[in-house]
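Hi,

Here is the structure I promised to pass on. Have a look at it first, and my notes follow below.

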Amino acid sequence: MEQHAYQIAFLPDPIRVPEMRKTTAAFLRRSEVSGPVVEDAVLAVSELVTNAIRHGDGMVCLFVSVGSGGLRVSVTDQSPEQAEAKQADIGDLSGRGLLLVAALADNWGSSGEETWCTFRYPLELEDDGVRAE
């Protein structure tokens with residue numbers, strides 16, 4: 001599979017989150033990615049972009065690439081703080097985003113300015129149609 005990628009930088013405004021979801025979904029469809037991995041990647045984009053807007057500094061940059069090695073989503077901002085998955089209390093309205101990304105993605109991490117996740121694509125499915133781990 002040929003490598004496809006897109007990158008966009010924008011000011012940290014919550015109104016950009018739905019736009020990034022739509023842009024990512026359209027890019028993945030044009031890259032012939034389909035099925036559950038699209039839904040998972042779009043949800044990861046939503047969570048990572050939201051975290052960068054809420055907790056980061058400066059411009060936010062979204063980078064999505066698809067190739068034979070899989071699908072990678074990367075979000076950067078100018079904050080040196082490393083993103084951490086934390087356990088939210090039952091009554092908290094937020095704080096579960098990185099746990100969700102960790103559950104959906106095959107791998108994820110944060111180096112401070114960059115938080116990223118990867119998905120195997122095409123998905124390896126078991127005989128019963130369930131995603132292989």
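Predicted model: local features only at pLDDT ≥ 70, side-chain atom pairs only at ≥ 80, totals over all residues.

Two strands count as paired if DSSP finds at least two bridges between them.

A hairpin of 2 residues connects β2 to β3. The two strands run antiparallel, and 7 bridges join β2 (residues 60-67) to β3. Within this pairing, Val64 has Val73 of β3 as its bridge partner.

Strand β3 also pairs with β5 (residues 114-119), again in the antiparallel sense, over 6 bridges. As for cover, 5 of the 7 residues of β3 (residues 70-76) are buried.

Now to the charged side chains: the structure holds 3 salt bridges.

- Glu114 and Arg72 form a salt bridge, with their closest N and O atoms 3.2 Å apart. This pair links distant parts of the chain, as Glu114 sits in β5 and Arg72 in β3, 42 residues apart. Arg72 is partly exposed, at 28% relative accessible area.
- Glu19 meets Arg16 at 2.9 Å, N to O. Both belong to helix α1 (residues 16-30) and are 3 residues apart, about one turn of the helix. Glu19 is partly exposed at 35%, and Arg16 is partly exposed at 21%.
- Arg120 meets Asp106 at 3.5 Å, N to O. Arg120 lies in the segment after β5, and Asp106 in the loop between α3 (97-104) and β4 (107-110), 14 residues apart. Arg120 counts as partly exposed at 27% relative accessibility, and Asp106 is partly exposed at 28%.

Enjoy exploring it!

Best wishes

How values were computed:
Residues numbered from 1 in each chain as written. Heavy atoms only, no water. Buried < 20%, exposed > 50% of the residue type's maximum accessible area, 1.4 Å probe, protein only. Helix = DSSP H or I, 4+ residues; strand = E, 2+ residues; numbered from the N terminus. Salt bridge = Lys/Arg side-chain N within 4 Å of Asp/Glu carboxyl O.
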